[in-house]
Structure formats: structure tokens, C-alpha cells
Amino acid sequence: MALSSVEDALEAALRGMTPLGVERVPVAQGAGRVLAEDLSATLTQPPFDSSAMDGYAVRAADVRALPATLALVGTSAAGARFDGILEPGQAVRIFTGAPVPDGADTVVIQEDTETLGNSVLIKEAEAGRHIRPRGQDFMDGDVLLTEGTRLGARAIMLAASMNHAELPVRKKPRVAILSTGDEIVPPGSTPGPDEIVASVSYGIAALVDALGGEPVDLGIAPDEAQALADAIARGADADVLVTIGGASVGDRDLVSGALADAGLELDFAKVAMRPGKPVFAGRLGSARVLGLPGNPVSALVCGLVFLRPMLRALLGESRKDLLQEAVLAAPLAKGGPRQAYHRAVSAFTGDGTRTVRPLPSQDSSLMGALVRADCLIVQPPSSPPVPEGGKVSVLPFPD
Ligand SMILES: Nc1nc2c(c(=O)[nH]1)N[C@H]1C(S)=C(S)[C@@H](COP(=O)(O)OP(=O)(O)OC[C@H]3O[C@@H](n4cnc5c(N)ncnc54)[C@H](O)[C@@H]3O)O[C@H]1N2
Ligand code: MOO
């Protein structure tokens, strides 16, 4: 079977995918979730003209000639405003965040004043300063956060200030993760001489979690048809079923066969990418299936290239991955027939330019090198060699 291009494979995997349903969560639990509706302010912020400093509220006309002595007629504190109207020749003691009294149009910081019993001496002042006008941040009804926004610290803070106790967010995509292989044992075991400790499922679960999904661990299935069929059946109610290993052409690579027996409709199988060639995807009932190669680097690269956009589609997330431009710190040989994802280390020059150096070993089993890298150089198929100083595209790792 001819290899699909990464672009075609991704398009096939995403075809027909629509965002999951909406649920409401307390704003305190909204971090990392994706907004499912536009969010508008339910109040105006600040709700009144407020003081930006501790000092005295005055009329600009009274402090045109300095020094000036004004009569102290009251206090405006945050949460307890001065109710009267400031008359000419008067000042009100005011604190940061407190409402500016009617009649006042300037706040003088206390460092520029001296109190003299029931009056205050204004030594320096600037007309109109230190007042935050009502609605300077936002007005009631303003749409400030849009559907598809992933909620981080800044957006959560804004949503709370807009007086939303609950937020409409997309349901978390449930991603069932199945490790396969007779040789795979859980971390913490004492591996036999031919056994390998499971690592990929943990990396993929961490990726799913970071992307806003909910990983569900289906454990490890041996290379045996019935065990695989049982495990696949347990994952069929997930939004995405990810299988790990058994994707290649060996006699014991039974995963795609077991999925086919379960009724998998393939979207693509084998992609012109390196690493990750054996990756496949399809549909099993209502679940999407992503078959990852067993080699850890291949699996994680395929996770970034395919699983990340799939989860973003299920979350209705508006942010897309943008490849970034970088300058090579070492030459890159001409590209092969598959799109390459070279593990690379970045450095930044004084003007902010990213320079990248591919790691010397690109073997798809090397997890140590994967952690030393901070990005992938994306090299299109059959591209010409790029000399040191030439430009390339990079995909930074999300963590
Ligand atoms: N004749 C060919 N052989 C291979 C081809 C090919 O085209 N023709 N493709 C190679 C490529 S590329 C890859 S990638 C691997 C992928 O093979 P599988 O998906 O079948 O993976 P396995 O054989 O099951 O495992 C490969 C490797 O990864 C280890 N592994 C598997 N699962 C886990 C796990 N959950 N945690 C940690 N490590 C895992 C496994 O022990 C193997 O060492 O095939 C090439 N072969
Ligand atoms: O593509 Mo495999 O994923 O090269 O090791």
C-alpha cells in the first residue's frame, strides 16, 4: 500500500470530527478546559471611577496653584465610599480601589501631601491623575473570551472578574490507551531478560492530560488475538482509542488485524513520515482509533502530529500549531522520501532568533535524546540539503 502524506493522513483522520458536548464547571476548575461558548461580561469593570493610589481626592481647579491647603471632609475606602459631593476647597482621604467622590477629578498621592489636623497640604499634583474611569477594563455585555479558547491563568482571572461562577466548557475527550506486546511489563516490575518496561502509554497519557483530555489506561494486552479483541472492546466506548505497538509488518504485529476483526474502518495506514511510518487511524463505531508504533519516539511524534489535532477538533479548540522558523546551527542533509521530524536542541540569539542543532542520533527508540531535545525540525520529503545558517521549520514540544 502506498504511504499517505502526513497532510492527507491528518485530513482523513480529522474528517467528520465535531466538538464534543458542553458541560458547566466551577470557574475554580476551569483551568486547561476549552470554552464552548462566547463569554460576555455581566458587569462593568471597574464599576465606578476608582482611585489607582492611596492619597487624596481633590478638584483639579483647587490644585492649579501649589502648595494648596484643602479641608479634609471624609474618607473613601474600598468597599465604603464617601457619600457626599466634594465642594471647592475640599479633599477626601482615599485609598486604592475606592470610589472617587462626585465632584473630584484628581487623586494626589499621599507622598506629595502633608496632613495638618483637619486639612491637607498639597505640595505636588497633576490634574486628572490616578483615576481609573468606570468601564476602563470592560463594559457590561462586552464579549471578552470566545468559544474555542483554552482557559489559562489569564483567561480564568478575566472570566471570574466578569462574574461567572461557572463556565461552559467542552467535555473532556476520553482517550483509552492500550499497550500491546508479550514483552511489555508495567514500571516497577522486575523485567525478565527479554522484557521491556512499558513507557509509551505513560507518555501518551501525559500528553492527553496536557492537551485537556482524560486518559483511560486499558493496561497491557499480550500478542494474542482474543486478549487484543477483549481489550479493544473495553476501549470502544472512548472518544479515541489509542493502541501502542504491533503496528508494523511482523508476524506478531496483530493489532491492526484485531481492530479489523472488530470492524475498524481505516482512514489511513502507513504514512510517509520518519519516525512513525506504521501509524494508522480509523473509526470503530463511535470511537476514533489511532494506532501508534511501539517505538517510543515514533509514538510520541505521532501523538503530536495526529493525536493533538484530533483532541483539538474534539475540544473545538481554536488555537492551531504553528510551525516556527529557525536557523540551522549545523547543516542538514537532503531529505528522504518521508517527512522527517528531527529531534533538535534550540538556542536563542540576542535578537530572539531560534537556532537549532539536530541531535547526532535520531534512532526512534531513544527516549533520553527525546528529552534532551526541545523541538522537532520538520523536513519535508525529498527536500534539498540545508547548509548551516539556512532556514528550517520547527515544531516546539509542548512541555
Ligand atoms: N520489516 C519491517 N520492520 C519494521 C518496519 C517496517 O516497515 N518493515 N517498520 C519499523 C518501524 S518504522 C517501527 S516504528 C517499528 C514499529 O513497530 P510496531 O508498532 O509493530 O511496534 P512493536 O514491534 O510492537 O515495538 C517496537 C519497539 O517498541 C517497544 N514498545 C512497544 N510498546 C511499548 C510500550 N508500551 N512501552 C515501551 N516500549 C514499547 C517494543 O518493545 C519494541 O522495542 O517497526 C519497525 N519494523
Ligand atoms: O518510524 Mo519507525 O517509527 O522509524 O521507528
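## Strands and their pairing

Two strands are said to pair if DSSP finds at least two bridges between them; strands (E, at least two residues) and helices (H or I, at least four) are DSSP runs, numbered from the N terminus. The structure is a predicted model, in which local features need pLDDT of at least 70, side-chain atom pairs count only at pLDDT 80 or more, and totals for chains, interfaces and linings use all residues. Residues are numbered from 1 along each chain as its sequence is written, while chains are lettered from A and ligands numbered from 1 in the order in which they are written.

Strand β21 covers residues 287-292. Along β21 runs strand β17 (residues 240-244), paired with it in the parallel sense over 5 bridges; within this pairing, T243 has G291 of β21 as its bridge partner. A hairpin is formed by β20 and β21, with 2 residues between the strands, and G285 in its turn has a positive phi of about 60°. Of the 6 residues of β21, 5 are buried, a residue being buried if 20 or more other C-beta atoms lie within 10 Å of its own, exposed if 12 or fewer do, and partly exposed in between, with C-beta atoms placed from the backbone.

Strand β25 (residues 375-379) is likewise mostly covered, with 4 of its 5 residues buried. Strand β23 (residues 339-348) runs antiparallel to β25 and is joined to it by 5 bridges; A344 has C375 of β25 as its bridge partner.

## Domains and nonpolar cores

An automatic or database domain assignment supplies the domain bounds. Domain 1 comprises 6-20 + 172-315, domain 2 comprises 22-45 + 137-170, domain 3 spans 50-132 and domain 4 spans 324-394. The centres of domain 2 and domain 3, taken over C-alpha atoms, are separated by 36 Å.

A nonpolar core is a set of buried Ala, Val, Leu, Ile, Met, Phe, Trp, Tyr and Cys residues joined through C-beta atoms within 7 Å. The largest such core has 78 residues, and those with the most contacts inside it are A176, L178, V242, L290 and F306. Helix α6 (residues 296-315) gives the most to this core, contributing 12 residues. Apart from it lies another core, of 18 residues, including F82, I94, I122 and A125.

Not counting residues up to four places away in sequence, F306 touches L10, A13, V279, A281 and L290; contact requires C-beta atoms, placed from the backbone, to lie within 7 Å.

## Surroundings of the ligands

A residue is near a molecule if its C-beta atom, placed from the backbone, lies within 6 Å of it. Ligand 1 is surrounded by 25 residues, of which the closest are G245, A247, S248, P293 and G294. Helices α3 (200-211) and α6 each supply at least two residues of this shell. The shell divides into 11 nonpolar, 11 polar and 3 charged residues, where Ala, Val, Leu, Ile, Met, Phe, Trp, Tyr, Cys and Pro count as nonpolar, Asp, Glu, Lys and Arg as charged, and the others, Gly among them, as polar.

Around ligand 2 stand R274, P275, G276, K277, P293, N295, S298 and S364. By class, this shell has 2 nonpolar, 4 polar and 2 charged residues.

## Backbone features in loops

Most residues other than glycine have a negative phi, and most peptide bonds are trans. A cis peptide bond joins R274 and P275, with omega about 0°; P275 is found in the loop between β19 (273-274) and β20. Another cis peptide bond joins L66 and P67, with omega about -5°, and P67 lies in the loop between β4 (55-58) and β5 (68-76).

H130 has a positive phi, near 65°, and is found in the loop between β9 (119-122) and β10 (131-132). H130 counts as buried because 20 other C-beta atoms lie within 10 Å. N163 also has a positive phi, near 75°, and lies in the loop between α2 (153-161) and β12 (166-170). N163 counts as exposed because it has 12 C-beta neighbours inside 10 Å.

Terms used: Contact = placed C-beta atoms within 7 Å.
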